[in-house]
Amino acid sequence: MRLLITGNTGFIGPIMTRLAKSQGHEVVGLDVGYFSDCIPEGMSDIPPDRQIWRDIRDVTAGDLDGIDAIIHLAGLSNDPMGALNAQLTYDINLDSTVRLGELAKSAGIQRFVFASSCSIYGAAGDSDAALDETAPFNPVSAYAVSKVRSEEGLSALADERFSPVFMRNATAYGVSPRTRFDLVVNNLAGWAYTTGNIRVMSDGTPWRPLVHIEDISAAALAAAAAPRELVHNQAFNIGRNDANYQVRDIAEAVHAAFPSATLEITGETGGDTRSYKVNFSKALETLPGFEPKWTLEKGVDEIARFLRENGLRDRNFDDRLFIRLKQLQHGIDTGRLDGDLRVVRAA
Ligand SMILES: NC(=O)c1ccc[n+]([C@@H]2O[C@H](COP(=O)([O-])OP(=O)(O)OC[C@H]3O[C@@H](n4cnc5c(N)ncnc54)[C@H](O)[C@@H]3O)[C@@H](O)[C@H]2O)c1
């Protein structure tokens, strides 16, 4: 299958590209390249078979020529990003997603796999019940609202010629050529390694389901290839049922990998009110061949190894190389991007 993966030069995209190619797919990547220079020394990118450098707001029908299915990852990711400018999050994440869906449908591309997020469940309270795909939405950020509305906009296009599929991914962790440290597992491991102190900036009680980026990739590829009747216009929570963690449990798993670090739970109440437990059974039962391979312990070991091998102790892991918001701000400050995150000068 010739797959278009948008957002292929971000955190998840390279890992998805590698897995897609190993499954025999031809991959066309499309990305604006906000993070093209964010690869640490000694690591290399995982290139697709063909790269289109394009802002998702400017995609044309010609970009979709010969494509069999789309996995749409491109967007402003992670909740704090919406704080930069909520309208931009809506332009890039919502309007461009629905427009890409319309273009795909016109081009006769039947399968459109959309990277949604469990963030859409938002502040679900302390209920013990794990939320399945029928749970009400309670988005608490522009990012999460953009995901809810994108699902609605794509769903409105669904018919016998067009099958959108909504992948509601849990919070990601893992190592990629563009590893992020603005996600809870990676962030706590980064603190542990570079400062010897694991700081949880909350009381540690919020629930956060976790998933490795390779498992996110495997699920999306399974959804792209699945028989239509299994996935047509369906939402799937992506994660594993034994990976709903409270943040303090995540901190303890990180502590086990860095036993000499101290563990500090600050108890402060920050702006992030997300807390939800999620039921992942539907994807596990429905998506052909999808079986998560990663556990938190294995993932913490992977990130610990990455930190040690790259000697980040002397460098700052809290740097634009690894933090999306800082890289975008740097692009604006240096004149590479304008205030609407349009590329005005090549990197
Ligand atoms: N990482 C997570 O925890 C997580 C969880 C759930 C869902 N998701 C979703 O998965 C997708 C990929 O996540 P990620 O962690 O790899 O994000 P990322 O921020 O690392 O990568 C996103 C990519 O999209 C590109 N992009 C952004 N705006 C663009 C534009 N205007 N035009 C073209 N390309 C643009 C960026 O350049 C980047 O390469 C996102 O849609 C995200 O919302 C991520």
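Tutor: Let's start with strand E1 (residues 2–6) and strand E2 (residues 26–31): they run parallel and are joined by 5 bridges. Strands here are DSSP E runs of at least two residues, helices are H or I runs of at least four, and both are numbered from the N terminus. Two strands count as paired if DSSP finds at least two bridges between them.

A quick word on what you're looking at. This is a predicted model, where local features need pLDDT of at least 70 and side-chain atom pairs count only at pLDDT 80 or more, while totals for chains, interfaces and linings use all residues. Residues are numbered from 1 along each chain as its sequence is written, and side-chain values use heavy atoms, with hydrogens and water left out.

Now zoom out from that pair. E1 and E2 belong to an open sheet of 7 strands, ordered E3-E2-E1-E4-E5-E6-E10, with parallel pairing. Strand E3 (50–53) and strand E10 (234–238) are the edges; each has a single partner strand, so one side of each has no neighbour in the sheet. On average, neighbouring strands in this sheet are turned by 20° against each other, direction ignored.

Next, the helices. Helix H1 (residues 13–22) packs on this sheet and touches E1, E2 and strand E4 (69–72), with its direction at about 175° to that of E1. Contact means heavy atoms within 4.5 Å. For the angles, axes are lines fitted to C-alpha atoms (for helices, over the stretch in contact), and values run from 0 to 180 degrees between N-to-C directions. Helix H6 (residues 213–225) lies across E1, E4, E5, strand E6 (163–169) and E10, at about 150° to E5.

E7 pairs with strand E9 (residues 207–212) in the parallel sense, over 3 bridges. To find one of those, go to Ala 172, whose bridge partner in E9 is Val 211.
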